[in-house]
Amino acid sequence: MAITRILIANRGEIALRIHRAAHEMGIETVAVHSTADADAMHVRLADHAVCIGPPPAADSYLNVANIISAAEIAHCDAIHPGYGFLSENAKFAEIVEAHDITWIGPKPEHILTMGDKVAAKNTAGELGLPLVPGSPGAVDSIEEARAVAAEIGYPVLVKAASGGGGRGMKVVPSEDQLESLMGQARSEAKNAFGDDTVYIEKYLGNPRHIEFQIFGDGNGNAIHLGERDCSLQRRHQKVLEEAPSPILSSEERERMGGICARAMAQMGYRGAGTIEFLWEDGAFYFIEMNTRLQVEHPVTEAITGVDLVREQIRIADGKPLSVTQEEIEFKGHAIECRINAEDPFTFAPSPGLVSAYHAAGGMHVRVDSGLYTGYRVPPYYDSMIAKLIVYGRSREGCIMRLRRALEEMVIEGVKTSIPLHCALLDEPDILNGDYSIKWLEDWLAQRAD
Ligand code: ADP
C-alpha cells in the first residue's frame with residue numbers, strides 16, 4: 001500500500017521540511033494548524049489544510065482526537081509527527097495505526113521503552129551500548145543510594161526516571177548531601193512528572209554531547225549516518241550543532257556507529273532514531289535515545305547526501321533502506337545555527353511582527369524556515385523561527401561561509417539569536433572546536449560580569 005497523502009502533525013520549519021520531502025516523492029500533504037497559525041507558511045504550501053483548534057498546543061497540536069479526525073476527513077493514509085508535540089507519544093502512534101493510517105515513525109513499543117529512562121538504560125546496556133556507571137535501576141532507599149554512590153565515587157547525579165528537559169536532576173558533591181538532595185530530586189520529579197522514581201549516575205564533569213543518527217528498516221537491518229556534536233547548549237537546549245564532531249577520528253566513528261547500528265538491528269528498530277552519548281576523555285556514555293527526527297538532522301544530510309525525511313517515508317511505506325552502510329560516505333563539514341525569536345544574550349522571548357525578512361543564500365547555504373515579511377511570530381510555541389545550515393569542504397571553510405551567511409540574514413521586527421551566533425564565531429575555542437557542554441553557560445556568565 002503506497003502512501004499517497006500525508007498529514008503533517010506539526011508546524012513551523014519542520015512541517016515545511018516534511019512537505020518538501022513528500023512533494024519531491026509525488027505525495028500530497030495535508031497541513032493541520034491552530035487558529036494562531038492560519039497564515040503560516042506550512043498551511044500555505046500544503047495541498048490541503050485543516051484547522052484543529054485554538055492556539056494553546058494542548059488544544060491543537062497535541063489534540064489527538066482532532067488530528068485523527070482531520071486525517072480521516074482529508075483522506076490521509078499516513079501521519080508524520082515531526083519532532084516535539086506528539087512525536088514520542090507511543091499511545092498516539094498506536095491510535096494512528098489502529099485507524100489503519102501509516103505511522104511515519106518507530107514501532108510504538110520502542111517509543112515506549114526509550115521514553116522511560118530506566119528502561120531505556122537497561123535496554124541500551126543489554127544491546128551493548130556503553131553506559132554511565134550507576135545504579136542498575138531505580139534506587140528506592142537512602143541505604144541503597146549510599147552504597148551505589150560509594151561504589152562509583154562522588155560527585156554523583158540523581159536523575160528522575162520520568163525526567164525531561166533537565167528537571168528532577170541533582171548533582172551530589174559528597175555523601176553528607178546525598179540524603180537531602182535525593183529528597184529534593186524526588187519531590188521535584190513528583191511535582192513535574194507525577195512519579196518520584198529516581199536513579200543514580202556518575203556525574204561527568206566536562207563532557208561533550210555526541211549523538212549518532214541511525215536508521216532501521218524494522219526487519220533487523222540498520223545503518224548509522226555518523227555523529228553530530230551538540231555540545232553548545234544552554235540549559236540543556238542545543239544552540240549550534242555540527243557534523244562531524246571536531247574530536248572524533250574516522251576509526252572511532254566507524255566503531256561507535258557500528259555498535260549503534262548493530263544494537264538497532266538487534267532490536268528490530270524501524271525508522272529514524274538518535275542515540276545520545278556524553279563523551280569524556282575518549283569514552284562514550286549512553287544518556288538517552290530519541291525515537292524521532294531531530295531538529296539538527298540537516299547537518300547529517302549535508303555531509304552524507306541522504307534525505308532523512310524521504311528515508312523515513314520510504315521505510316514507513318515498507319520499502320528497504322535506500323543506502324547500505326558501505327555506500328554512506330562522510331564528506332566535508334556542516335554547522336547548523338538555531339535562530340530563535342528571542343534576545344540574543346538574555347534569551348527573553350521576542351514574538352511579534354516580522355517587518356522584513358531576507359534569507360541568506362549562495363552555495364551550500366540552506367535556510368529551513370517558515371518566515372516571510374509580514375509574518376507574525378506567535379507567542380504560544382517554541383521560539384525557534386529558522387535554522388541556518390551551512391556546508392563546507394573543511395571545517396574552516398564552513399565557518400567562513402557561515403559568517404558570511406549570518407551577515408546576509410535579515411530578520412527585522414523581532415529580536416533574534418543571530419548576534420549570539422556571530423559572537424560565538426569570534427571565539428577561539430569555538431574556532432578550534434574546543435568546547436564541552438559547560439562552555440556556553442560559562443561564557444555567558446563571564447559576559448554578564
Ligand atoms: P533530559 O531528558 O532531562 O534532557 P538527559 O539524560 O538527556 O535528561 O540529560 C540532559 C543533560 O544533562 C545532558 O545533555 C547533559 O548535559 C546533562 N547530563 C546528563 N547525565 C549526565 C551525567 N551523568 N553527567 C553529567 N551531565 C549529565
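The following questions and answers concern a predicted model.

User: Which residues of helix α5 are buried, and on how many sides of the helix do they lie?
Analyst: Helix α5 spans residues 108-115, and its buried residues are Pro108, His110, Ile111 and Met114. They cover an arc of only 165 degrees around the axis, which puts them on the same side of α5.

User: What covers the buried residues of α5?
Analyst: The cover includes both helices and strands. Among the strands are β5 (102-103) and β13 (283-290). The helices include α4 (90-98), α6 (117-126) and α9 (250-267).

User: Which residues of α7 are buried, and what arc do they span?
Analyst: In α7 (142-152), the buried residues are Ile142, Ala145, Val148 and Ala149. An α-helix has 3.6 residues a turn, so residues three or four places apart point the same way. The buried residues of α7 line one face of the helix, because seen down its axis they fall within an arc of 125 degrees.

User: Which elements pack against the buried residues of α7, and which exposed residues does the face turned away from them carry?
Analyst: The buried residues of α7 pack against β6, α8 (178-193) and β8. The face turned away from the buried side carries exposed residues, namely Glu143, Ala150 and Glu151.

User: Where is proline 244, and what is the omega of the peptide bond from alanine 243?
Analyst: Proline 244 is placed in the loop between β11 (237-243) and α9. The bond from alanine 243 to proline 244 is cis, and its omega is near -5 degrees.

User: Which polar atoms lie at 2.9 Å or 3.0 Å from atoms of the ligand, and what percentage of the ligand's accessible area does the protein cover?
Analyst: A polar side-chain atom of lysine 159 lies 2.9 Å from a ligand nitrogen, and a backbone N or O atom of lysine 202 lies 2.9 Å from a nitrogen atom of the ligand. Glutamate 288 places a polar side-chain atom 3.0 Å from a ligand oxygen. Of the 550 Å² of accessible area that the ligand has on its own, the protein covers 92%.

User: Is valine 295 buried or exposed, and which residues is it in contact with beyond its sequence neighbours?
Analyst: Valine 295 lies in the loop between β13 and α10 (297-304). Its relative accessible area is 9%, so valine 295 is buried, the cut-off being under 20%. Leaving aside neighbours within four places in sequence, valine 295 is in contact with Tyr83, Glu336, Arg338, Met384 and Lys387.

User: How does serine 350 relate to lysine 415?
Analyst: Serine 350 lies in the loop between β14 and β15 and counts as buried at 13% relative accessibility. Not counting residues up to four places away in sequence, serine 350 touches Ala341, Glu342, Val414 and Lys415. A polar atom of the serine 350 side chain lies from the backbone nitrogen of lysine 415 at 2.9 Å.

User: What are the phi values of phenylalanine 347 and histidine 364, and is each buried or partly exposed?
Analyst: Phenylalanine 347 lies in the loop between β14 (333-340) and β15 (352-353), and has a positive phi of about 70 degrees although it is not a glycine. Histidine 364 lies in the loop between β16 (356-358) and β17 (365-369), with a positive phi of about 60 degrees, although it too is not a glycine. At 11% relative accessibility phenylalanine 347 counts as buried, whereas histidine 364, at 36%, counts as partly exposed.

How values were computed: Residues numbered from 1 in each chain as written. Predicted model: local features only at pLDDT ≥ 70, side-chain atom pairs only at ≥ 80, totals over all residues. Heavy atoms only, no water. Buried < 20%, exposed > 50% of the residue type's maximum accessible area, 1.4 Å probe, protein only. Helix = DSSP H or I, 4+ residues; strand = E, 2+ residues; numbered from the N terminus. Arc of directions from axis to C-beta. Contact = heavy atoms within 4.5 Å. Polar contact = N/O pair within 3.5 Å; in protein donor to acceptor, adjacent residues only side chain to side chain. Areas by Shrake-Rupley, 256 points an atom, 1.4 Å probe, with all protein chains shown as cover.
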